[in-house]
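Student: Before we go into details, could we look at the model together and work through it by question and answer?

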Amino acid sequence: MKSESVQSLQYTRTLNGRSKSQAGQDGGLQAGFQTADYVSAHEPGCLTYQLSVGEGDPDSLIIFERYTSKQYLEEVHWQSEPFKCFGAKVREADLWESKEVTKLHEELPGAFGFMAR
């Protein structure tokens with residue numbers, strides 16, 4: 001890796017999980033939609049914030065997040081009121097049957113691929 005700090009590279013997190021059916025319907029996911037609306041309007045350092053649901057399996061979820069840096073995620077996104085509310089609703093609804101978080105960074109320059117056309 002280049003001498004550039006990992007902290008300053010574009011940072012991606014995926015949360016792959018399985019929700020408890022009733023928990024998702026009881027507001028855990030609704031708070032996630034509200035958080036996504038807030039992020040879209042107020043967090044320019046968030047490049048992607050996407051919830052995807054399994055084809056034929058609505059309890060299989062992936063949340064894909066991409067930020068300008070890990071520092072932005074920790075100091076801006078995680079500190080926002082909508083994110084804190086989402087976390088509280090998820091805990092209250094006991095949303096996750098299982099989950100796994102993957103943390104990645106994009107090694108720039110020289111990264112390949114694209115996110116949008």
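Tutor: Keep in mind throughout that this is a predicted model. We can begin with Tyr-49, which, leaving aside neighbours within four places in sequence, is in contact with Gly-32, Thr-35, Ala-36, Val-39, Phe-64, Glu-65, Tyr-67, His-77 and Phe-86.

Student: Which residues have the most contacts inside the largest nonpolar core, and which elements each supply at least two residues of this core?

Tutor: The largest nonpolar core has 16 residues, and those with the most contacts inside it are Tyr-49, Tyr-67, Phe-86 and Trp-96. Of these, Tyr-67 and Phe-86 are also among the contacts of Tyr-49. The elements that each supply at least two residues of this core are β1 (11-19), α1 (21-42), β2 (46-54), β3 (57-67), α2 (70-77) and α3.

Student: In what order do the elements of the protein chain run from the N terminus on?

Tutor: The protein chain has three helices and four strands. From the N terminus on, these elements are arranged in the order β-α-β-β-α-α-β.

Student: Is Arg-13 buried or exposed?

Tutor: Buried means under 20% relative accessible area. The relative accessibility of Arg-13 is 12%, so this residue counts as buried.

Student: Which residues of α3 are buried, and what arc do they cover around the axis?

Tutor: Helix α3 spans residues 81-93 and reaches 18 Å from its first C-alpha to its last, close to the 18 Å expected at 1.5 Å a residue. Its buried residues are Phe-86, Gly-87, Val-90 and Ala-93. They are on the same side of α3 because the arc they cover around the axis is only 140°.

Student: Which exposed residues does the face of α3 turned away from its buried side carry?

Tutor: The buried side of α3 includes Phe-86 and Val-90. On the face turned away from that side, the exposed residues are Glu-81, Arg-91 and Glu-92.

Student: At the start of α3, which backbone nitrogen does a side-chain oxygen of Ser-80 reach?

Tutor: Ser-80 is also one of the residues in contact with Tyr-38, together with Glu-43 and Pro-82, once neighbours within four places in sequence are left aside. At the start of α3, a side-chain oxygen of Ser-80 comes to within 3.3 Å of a backbone nitrogen, that of Phe-83.

Student: What distance separates the C-alpha atoms of Tyr-38 and Phe-83?

Tutor: Tyr-38 lies in helix α1 and, at 28% relative accessibility, counts as partly exposed. Although Tyr-38 and Phe-83 are 45 residues apart along the chain, their C-alpha atoms are separated by 9.0 Å.

Student: Which residue follows α3, and what is its phi?

Tutor: Most residues other than glycine have a negative phi. Asp-94, in the loop between α3 and β4 (96-105), counts as partly exposed at 42% relative accessibility. The residue that follows α3 is this Asp-94, and although not a glycine, Asp-94 has a positive phi of about 50°.

Conventions. Residues numbered from 1 in each chain as written. Predicted model: local features only at pLDDT ≥ 70, side-chain atom pairs only at ≥ 80, totals over all residues. Heavy atoms only, no water. Expected span 1.5 Å × (residues − 1). Buried < 20%, exposed > 50% of the residue type's maximum accessible area, 1.4 Å probe, protein only. Arc of directions from axis to C-beta. Polar contact = N/O pair within 3.5 Å; in protein donor to acceptor, adjacent residues only side chain to side chain. Core = buried A, V, L, I, M, F, W, Y, C linked by side-chain atoms within 4.5 Å. Contact = heavy atoms within 4.5 Å.
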